[in-house]
Amino acid sequence: MQETTEKEQQQLEVEQLLQALENQDIDQFRTLFLDIHPYERAKFYAKLPKDARMHVYHYLSPAEMAEVFENLEIDENEYEELLSEMNPTFVADMLAQMYADDAVDVLNELDKEQVASYLTIMDDDAAGEIKQLLHYEEYTAGSIMTTEYVAIHSNQTLRSAMAILKKEAPRAETIYYVYVVDEEKHLVGVISIRDLLVTDDDTMVHEVMNDRVVAVSVSEDQEEVARKMRDYNFLAVPVVDFQNHLLGIITVDDIIDVMEEEASDDYSKLAGITDVDSGDKNILSSAKKRLPWLIILSFLGMMTASLIGRFEDTLDQVAILAVFIPLIAGMAGNTGTQALAVAVRRIAIGEDEEENKLMLIAREAGTGVITGAICGAIIMLIVYFWKGDFFLGLLVGFSIFITLIVATLAGALVPLLMHRFKIDPAVASGPFITTINDIISILIYFGLATLFMSYLGH
């Protein structure tokens, strides 16, 4: 009941905002718009048609618009269109008011000429911060960190530290942790807000701070940063260079975005698609993203057809064998995909030590033996009672037994090998593993059929 009421309230707010825009009532619009949650503001703005958005740009200040853009959830290719609707000076002011890491996320979706244009007319201090972040390689800690943090010195009192905190807090992205640096800006410690509040004001910072600081390198992969923050339950983590200078911090909200991005990326690869989250409405563009994998898999499929052709004599003598090709190939693909999903997840959550890998392989091998034996026995009985041929049932059942063991091992080993050679294991996608296992299953099935040909049909 409460959920329904909340939805009705949100719908009423949207209707009132739209009415205010239609009436061009700036005071009513600002009162209603600024009263709702920033996330709701961003949702409302994203759904507006262009003519309505043009009014919004006149009704809101760059700072208020910056808060909208910090909460926007739109496709990457939409940023350029939205920014082109605004006055360039307004855009520059808006970007300057955003947290530096959020501004960089927006600018990364524009071409270099547009970025240079906005930075040229932007406030020098803001432009300097953004330029500093723009040169870091994408998908690294440096590319997602923010420079808006609070740092204090180890040789000052907590009283003076609190004065700095009060002064810097309005612009800091988070103040859950206050980082401590020395005179050369080396990271030497961290202190919590609780310690600042409960400890005597005349105490020196170095007496209270925790000098065992967990930090990440500016060049560290964002997925590794996300894993570290998850393991340590951090709300923020400091970013340092190779000399341990404090460069910035990464907050938990940025890591949530990273985890969503990485999960979407892995899912795309498992599906054999370039980018499943692109939201591309152009059918030609969508087809272009799917074609590469499909073409590769088509060639692999031709290999499967070629293998079947090599066993043409076997099929001529015992045509009934063709009936069970989809069954064996399908089961091989399914069990391989299951093992692949387990292996990729183990790698994704960081369980990639040698001992864990060996345990994974052993467990998957055991799983393959058990599932293969049970499925093989069931299929053998079904084929025997269906076709009245014990040796045919034995051949199909034994083929499934061997195939499921091999397919399970392949599903586990392929991503592990890719990970060892620094290749993203998610590219061992479901379609890829399925096609590989098709080839393996055909080889096993017809190899055994050819070997025991004399027993079939009797």
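**Strands, helices and cores in a predicted model**

Five bridges connect strand S5 (residues 236–240) to strand S6, and these two strands run antiparallel. Within the pairing, alanine 236 stands opposite threonine 251 in S6. The sheet itself is open and consists of three strands in the order S4-S5-S6, with mixed pairing. Strand S4 (216–217) and S6 are the edge strands, and because each has a single partner strand, one side of each is left without a neighbour in the sheet.

Is threonine 251 buried or exposed? Its relative accessibility is 2%, so threonine 251 counts as buried, the cut-off for that class being under 20% relative accessible area. The side chain of threonine 251 makes a polar contact of 3.3 Å with the side chain of glutamate 173, and another polar contact, of 2.3 Å, joins it to the side chain of aspartate 253. When neighbours within four places in sequence are left aside, the residues in contact with threonine 251 are Glu173, Thr174, Met229, Leu235 and Ala236; of these, Ala236 is also the residue that stands opposite threonine 251 across the strand pair.

Another set of strands is arranged around S2. Strand S2 (residues 177–181) is mostly covered, with four of its five residues buried. Strand S1 (residues 151–153) runs parallel to S2 and is joined to it by three bridges, and in this pairing histidine 153 has valine 181 of S2 as its bridge partner. Together with helix H12 (residues 158–168), S1 and S2 make a right-handed β-α-β unit. S2 is also joined by five bridges to strand S3 (residues 187–192), and here the two strands run antiparallel; in S3, serine 192 is the residue opposite tyrosine 177. The hairpin of S2 and S3 has five residues between the strands, and in this hairpin lysine 185 takes a positive phi near 65°.

Among the helices, H5 (residues 62–70) has Glu64, Met65, Ala66, Val68 and Phe69 as its buried residues. The elements that cover these buried residues include helix H2 (26–33), helix H3 (38–47), helix H4 (50–59), helix H6 (78–84) and helix H7 (88–97). In soluble globular proteins, nonpolar side chains tend to be buried together. Here the largest nonpolar core has 63 residues, and those with the most contacts inside it are Phe29, Tyr45, Met65, Phe69, Leu95 and Ile250. Helix H7 supplies the largest share of this core, namely six residues. Phenylalanine 69, apart from its neighbours within four places in sequence, is in contact with Tyr45, Tyr79, Leu82, Leu83, Met86, Met94 and Met98.

The buried residues in H8 are Ala100, Asp101, Asp102, Ala103, Val104, Val106 and Leu107.

Technical notes
Residues are numbered from 1 along each chain as its sequence is written. This is a predicted model: local features need pLDDT of at least 70, side-chain atom pairs count only at pLDDT 80 or more; totals for chains, interfaces and linings use all residues. Side-chain values use heavy atoms; hydrogens and water are left out. Buried means under 20% relative accessible area, exposed over 50%, partly exposed in between (1.4 Å probe, protein chains only). Two strands pair if DSSP finds at least two bridges between them. A crossover is right-handed if, with the strands pointing away from the viewer, the path from the first strand over the helix to the second runs clockwise. Contact means heavy atoms within 4.5 Å. A nonpolar core is a set of buried Ala, Val, Leu, Ile, Met, Phe, Trp, Tyr and Cys residues joined through side-chain atoms within 4.5 Å. A polar contact is a pair of N or O atoms within 3.5 Å; within protein, one must be able to donate a hydrogen and the other to accept it, and residues adjacent in sequence count only if both atoms are side-chain atoms.
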